[in-house]
Amino acid sequence: ILLELPFPTISEMMASVAKTVQQMSIDGDEPALPYIIKENPFGAIDTFPPLAEIPVIDISLFSSSPSSSAHSPKEAADELEKLRSALTSWGCFQAIGQGMPIALLDKVRKVTKQFFALPLEEKQKSSRPAGSVEGFGGDSVVSVNQVLDWCDRLSLRVYPEDQRKLYLWPENPKDFREILNEYSINIKSVAIILFTAMAKALNLEENCFSKQFGERAIMQGRFILYPPCRRPDQVFGLKAHSDRSGVTILLQDKEVEGLQVLKDGKWLRVPVIPHALFVNLGDQMQIMTNGIFKSPMHRVVTNAEREKISVAMFNEPEPEKEIEPADGLVDETRPRLYRKVKNYAAFNYECFQKGIVALDSVKCFQDEERIRTFLGILSALLIDGIHFRNFFVSCHKQDTEKMAQSLFHSEMASLAKTAHELSIDGDEPPPRYIVKDSPFGSIDASLPSAPVPVIDISLLSSASLVSSNEELETLISALSSWGCFQAIGHGISDSHLDKVREVAKQFYERPVEEKKKYSRAATQAEGYGSDLEVSDKQILDWSDRLVLKVLPEDNRRLDLWPENPDNFREILTEYTMKVESIIDLLLKSIAKSLNLEENTFLSQFGDRKVLTARVNFYPCCPMPDQVLGLKPHSDKSGITVLLQDREVEGLHVLKDDQWFKVPIIPYALVVNVGDQMEIMSNGTIKSPMHRAVTNPNRLRISVAFYNEPEPEKEIGPADGLIDEQRPRLYRNVKDYAAINFECFQKGEIAIETVKIMSQ
């Protein structure tokens with residue numbers, strides 16, 4: 001009976017899976033309810049089905065290396081035919097002759113096991129940051145209906161090299177990075193050989209597929225641990241799925257089986273060949289081959305007694321490369337089966353959230369069966385899908401097909417549109433943008449102006465003790481009552497602030513296709529785009545944004561920094577240096593205003609504090625009374641420094657349960673503290689609730705800089721602010737950004753969850 005009870009909320013579900021899978025296994029815990037398979041469209045869990053006769057292919061026959069010259073042309077041609085047959089019928093094969101030393105494969109397995117054997121605290125140094133897929137962790141919970149996988153994993157991007165987040169690459173084991181780097185180089189060579197061989201097998205130009213992957217193709221490494229599970233008959237290590245990649249290259253555990261592949265409706269065990277690599281195609285290669293090669297469904301079962309590891313390397317086209325069926329595979333006898341698609345990874349994630357099969361949603365409609373597939377997709381996408389379904393069935397087949405294709409592309413285009421595009425096209429805001437019930441009151445643009453304090457921060461470091469002390473008093477008063485103030489005397493010239501606004505506006509005015517060169521990847525916060533959707537009940541903000549991490553410098557994703565306007569990078573870099581100095585001054589001043597040692601707060605932020613820039617674009621909106629540019633929220637940061645639009649108001653702040661407009665002072669900076677500063681000050685200063693409203697006639701821009709402690713620094717209330725009269729209000733926390741993101745998914749207020757409840 002218990003297994004049939006759903007979780008009422010994500011928070012209850014999250015609470016039940018607070019441990020890592022490995023820790024649950026070590027503690028001998030029964031798998032929590034979210035791991036239990038209830039209804040499975042792909043059949044029951046069979047941990048020991050028949051062994052699959054998966055083709056074994058010697059890929060040395062495809063290489064142009066001197067060692068391959070020992071083979072005859074006929075042997076190479078026969079192996080190419082064998083490859084074609086394997087990928088047409090199975091979509092996978094076991095690769096031998098890949099040229100990697102057996103010792104290297106064993107080292108990869110060894111460092112994987114050594115990493116997962118480390119204490120949890122050590123592994124958590126590589127924890128996945130909020131909103132990211134990279135790093136150490138388990139499944140991200142996005143739905144109460146989600147069934148979780150019984151595995152822990154470490155995901156790391158290895159190519160392009162300038163996108164490696166080395167701070168997530170483990171330093172322990174000591175040779176982990178060196179071995180991963182060597183292994184990645186070898187896997188990249190294998191992938192190139194396979195792209196060429198697959199093209200030859202289909203009588204295409206050798207570089208047909210490698211061109212679609214692009215020069216900056218992505219390779220993502222995933223190190224996976226499947227701990228022993230007490231209920232292998234009810235729990236999957238990895239649910240049934242096809243890969244979103246182009247080509248996946250997997251190094252299996254040397255001894256323990258677990259991988260299964262679906263063929264002709266039956267699950268089959270994939271045998272372990274100790275020094276072979278298991279290669280399977282993903283959805284994007286099925287698209288490029290126009291459905292000739294298959295992206296196979298596969299899964300991983302658990303083992304009651306033994307742990308299992310594997311290392312998967314996922315090869316994907318660069319996100320901005322548009323992929324499509326190769327021209328040589330489309331003709332009258334085999335029409336085009338798939339439409340063009342860009343950034344399939346992001347598309348796949350959106351479909352996952354909506355319960356849609358991504359590959360089905362990019363099919364071209366050729367017959368009634370595909371129309372029915374479309375109708376199923378449309379029903380999931382539209383609030384009132386049943387009316388469309390009844391309408392389509394009553395139409396003539398040919399008309400239905402045309403209308404289905406038209407509506408499908410229209411709906412997918414509307415999902416892909418940014419707020420800017422919706423505004424340009426004169427579209428009414430879709431239902432997902434409409435604010436219905438808000439606990440923070442209705443949207444009212446005609447509010448009183450807030451008497452937000454104005455502080456000359458140059459006086460905070462003044463040689464005059466009297467002036468400095470007076471301004472410190474004003475500072476602590478402002479932050480205790482408002483949580484924000486307008487900063488003047490900050491030392492940044494008016495002309496430079498105008499340049500920051502100008503390059504922001506110039507970027508926004510670029511063609512949509514150019515801006516999308518800097519699009520954020522699926523589940524990533526950095527880059528150009530709009531809200532990251534995590535729930536179908538989520539109300540979206542009427543804004544587009546460009547998010548860039550600016551500090552630490554070695555974490556900058558320069559591939560996402562616009563090259564047009566041509567002075568964008570230079571101006572942002574200079575502005576970053578000035579804002580960093582302002583924040584350091586403010587942190588010292590806040591400490592002094594609270595009679596603390598001036599480095600009290602600075603030391604909690606750490607030597608590698610995080611500074612993120614966010615350029616906000618609020619387009620004209622025809623329904624300003626029902627749509628918000630930015631929903632009410634408090635910032636997760638320590639300190640936020642905001643450069644407002646020079647002319648158009650829109651920022652509101654909540655004080656004493658009343659909303660106020662924040663007036664524009666053209667060359668002032670709006671400074672507000674975030675949740676983490678409220679924690680460090682033990683609640684003495686406030687993290688204010690604020691929002692942005694829309695304007696029916698004018699575009700508004702703003703540039704915000706969010707300052708946060710380095711993720712691995714534990715923060716907590718300063719000792720000097722805790723005594724008998726004012727007890728500790730907050731517990732110590734680490735990586736508050738991750739806590740904030742999890743709470744956002746659960747509909748909880750993050751700062752409330754770290755409060756200490758008094759008796």
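Student: Why is R336 called partly exposed?

Tutor: Its relative accessible area is 27%. Buried means under 20%, exposed over 50%, and partly exposed in between, with a 1.4 Å probe and protein chains only. R336 therefore counts as partly exposed. This is a predicted model, in which local features need pLDDT of at least 70 and side-chain atom pairs count only at pLDDT 80 or more, while totals for chains, interfaces and linings use all residues. Residues are numbered from 1 along each chain as its sequence is written, and side-chain values use heavy atoms, with hydrogens and water left out.

Student: What makes the contact of R336 and E324 a salt bridge?

Tutor: A salt bridge requires a side-chain nitrogen of Lys or Arg within 4 Å of a carboxyl oxygen of Asp or Glu. The N to O distance between these side chains is 3.1 Å, so the contact meets that criterion. Both R336 and E324 lie in the loop between β13 (322-323) and β14 (341-342), 12 residues apart.

Student: Why is the pair D554 and R608 said to tie parts of the chain together?

Tutor: D554 forms a salt bridge with R608, with the closest N and O atoms 3.1 Å apart. D554 lies in the loop between β18 (544-551) and α18, and R608 in the loop between α19 (600-605) and β19 (610-618), so the pair joins parts 54 residues apart in sequence.

Student: Why does D554 count as exposed?

Tutor: D554 has 56% relative accessibility, and is therefore classed as exposed. R608, at 36%, counts as partly exposed.

Key
Helices (H or I, at least four residues) and strands (E, at least two) are DSSP runs, numbered from the N terminus.
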